[in-house]
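The following exercises ask the student to read a structure step by step. Each task is followed by its worked solution.

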Amino acid sequence: MENQLFNYIIQHADNCLILSHRLSEWCGHGPVLEQDIAMTNISLDLLGQARMLYDYAAKVQGEGKTEDDLAYLRDAWDFKNVQLVEMPNGDFGQTIMRQFLFDTFNVTFYRELMEVSNDAELIAIADKSLKEAQYHLKWSSEWMLRLGQGTEESHTRLQNAANLLMPYANEVVIPSEADKVAAETGYGVDLNNVKAERDQLIKEVITECELDASLDGFSHTGGKTGTHTEHLGYVLAEMQFLQRAYPGLEW
Amino acid sequence: MEFNKLEIENLLEQVTDPEIPVISIRDLGILRDVKVDNNQVEVDITPTYTGCPAMSVIKQDISQVLNDAGVENVAVNLVIKPAWTTDWMTEDGKRKLREYGIAPPDPSSKVVPCPRCGSEHTELVSLFGSTACKSLYKCLDCKEPFDHFKCH
């Protein structure tokens with residue numbers, strides 16, 4: 001039988017790790033130094049969240065694996081992150097849109113998890129991560145407004161980002177088998193509750209930015225069951241190279 | 001050699017945050033517990049931010065300081081619950097931060113006074129600074145940029 005608690009933890013661990021990697025790609029390439037630092041700081045926080053989750057997932061799995069094994073030695077079809085987080089950085093507007101769509105979920109997910117979960121470890125991880133996620137959301141919301149209400153050029157670019165990414169926004173709140181079992185068993189959240197709160201956060205900012213974007217359209221799915229866009233393979237090829245080429249290598 | 005809890009805690013005063021070397025782990029509020037059983041010492045620490053890269057160095061430094069003092073068996077545990085908050089920072093720690101040029105966290109105040117000239121005429125430059133725990137400000141009077149240890 002599948003270990004659904006493991007799958008549940010892995011889904012979010014993979015979300016955090018893959019987005020962390022994407023943000024790290026901005027290191028040295030940010031539009032201005034302060035925002036280069038902001039993106040790498042958020043990357044670091046998400047890596048920290050991923051590590052706590054992988055560490056717990058490894059314990060739950062009970063095969064003697066470590067957080068590193070889970071991050072570096074699984075292939076694309078084993079990754080259960082949503083497709084949103086593997087989407088390329090694009091321009092700064094595209095990165096901001098992707099970050100905002102993720103942060104709104106991350107905040108509402110951790111908040112709900114802290115309140116309803118019956119799993120002490122998950123509550124502790126959510127409690128520890130929530131303040132970080134809220135700070136990320138403050139940053140990405142401010143940039144949404146700045147770009148959306150900025151120049152014609154910045155608005156156009158943010159609109160282009162919305163056109164590309166809105167079809168990836170809902171996968172994270174569409175329940176997988178692991179999500180359903182988690183909610184029924186009580187260690188996980190009811191994604192309907194998260195969605196209601198998250199949608200509100202998104203809609204407010206989308207309206208203020210005067211963007212033509214809706215959460216009611218077509219939605220890509222598949223990430224949570226290991227079906228990914230072509231982009232994930234390239235992310236893993238770079239991220240996992242060292243452990244694949246030199247198995248067991250340590251600093 | 002045998003040590004009691006207080007002696008171990010005093011030894012650990014030497015362990016500082018590698019990125020802010022003026023402040024000890026006790027001042028920072030990340031030293032959560034010390035348990036002493038004969039010559040076996042257990043130290044609990046908690047991360048400030050989840051991805052803080054200083055944690056592994058701090059872990060090594062704790063073992064090093066205690067080993068050098070003659071404590072042979074040292075275990076350092078990383079605990080995440082309850083989650084760290086800047087409320088746990090000592091007043092002494094805040095003073096040391098200010099003297100070092102970093103504005104300490106103060107949840108009761110909206111303004112962040114300049115640690116150099118004391119002016120309250122300052123503004124936020126960036127939500128994120130040189131490390132996960134800091135944001136970047138500048139003083140509009142003395143014109144110096146400075147780090148602010150974020151309220152968390």
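**Exercise 1.** Determine how A:Asp55 and A:Lys59 are placed in helix α2 of chain A, and state how their side chains meet.

*Solution.* 
Step 1. Helix α2 of chain A covers residues 33–61, and because A:Asp55 and A:Lys59 are four residues apart in it, about one helical turn separates them. Helices are DSSP runs of H or I with at least four residues, strands are runs of E with at least two, and both are numbered from the N terminus.
Step 2. The two side chains form a salt bridge, at 3.5 Å from N to O. The term denotes a side-chain nitrogen of Lys or Arg within 4 Å of a carboxyl oxygen of Asp or Glu.
Step 3. A:Asp55 is partly exposed at 34% relative accessibility, and A:Lys59 is exposed at 55%. Here buried means under 20% relative accessible area, exposed over 50%, and partly exposed in between, for a 1.4 Å probe and protein chains only.

The model is predicted: local features need pLDDT of at least 70 and side-chain atom pairs count only at pLDDT 80 or more, whereas totals for chains, interfaces and linings use all residues. Residues are numbered from 1 along each chain as its sequence is written, chains are lettered from A and ligands numbered from 1 in the order in which they are written, and side-chain values use heavy atoms, without hydrogens and water.

**Exercise 2.** Examine two salt bridges of chain B, B:Lys94 with B:Glu91 and B:Lys138 with B:Glu123. Which elements hold the residues of each pair?

*Solution.* 
Step 1. B:Lys94 and B:Glu91 are both in helix α4 of chain B (residues 91–100), three residues apart, or about one turn of the helix. Their salt bridge has an N to O distance of 3.6 Å.
Step 2. B:Lys94 is buried, at a relative accessible area of 14%, whereas B:Glu91 is exposed, at 59%.
Step 3. For B:Lys138 and B:Glu123, the salt bridge also has an N to O distance of 3.6 Å. This pair links distant parts of the chain, 15 residues apart: B:Lys138 belongs to strand β8 of chain B and B:Glu123 to strand β7 of chain B.
Step 4. B:Lys138 is partly exposed at 34% relative accessibility, and B:Glu123 is partly exposed at 35%.
Step 5. A network of salt bridges links B:Asp27, B:Asp92, B:Arg95, B:Lys96 and B:Glu99. Over all chains, the count is 23 salt bridges.

**Exercise 3.** Is B:His148 buried or exposed, and which residues does B:His148 touch?

*Solution.* 
Step 1. B:His148 belongs to strand β9 of chain B, residues 145–149. Its relative accessible area is 8%, so B:His148 is buried.
Step 2. Not counting residues up to four places away in sequence, B:His148 touches several residues, among them B:Ile102, B:Ala103, B:Val112, B:Cys133 and B:Tyr137. Contact requires heavy atoms within 4.5 Å.
Step 3. B:Ala103 is 45 residues away along the chain, yet its C-alpha atom is separated from that of B:His148 by 4.6 Å. The backbone oxygen of B:Ala103 lies 3.2 Å from a polar atom of the B:His148 side chain.

**Exercise 4.** Describe the largest nonpolar core and the contacts of A:Leu122.

*Solution.* 
Step 1. A nonpolar core is a set of buried Ala, Val, Leu, Ile, Met, Phe, Trp, Tyr and Cys residues joined through side-chain atoms within 4.5 Å.
Step 2. The largest such core has 81 residues, and those with the most contacts inside it include A:Tyr8, A:Trp139 and A:Leu122.
Step 3. Leaving out residues up to four places away in sequence, A:Leu122 touches residues including A:Leu5, A:Tyr8, A:Leu53, A:Leu113 and A:Tyr187.

**Exercise 5.** How many residues of chain B and of chain A are in contact, and how much area do the two chains bury?

*Solution.* 
Step 1. In this interface, 22 residues of chain B contact 23 residues of chain A.
Step 2. The chains bury about 1900 Å² between them, 67% of it on carbon and sulfur atoms. Buried area is the accessible area (1.4 Å probe) that two parts lose on being put together, summed over both.
Step 3. In chain B, B:Thr50, B:Leu127 and B:Phe128 lose the most area to chain A, together 38% of what that side buries.
Step 4. Between the two chains the count of salt bridges is zero.

Definitions and conventions:
Polar contact = N/O pair within 3.5 Å; in protein donor to acceptor, adjacent residues only side chain to side chain.
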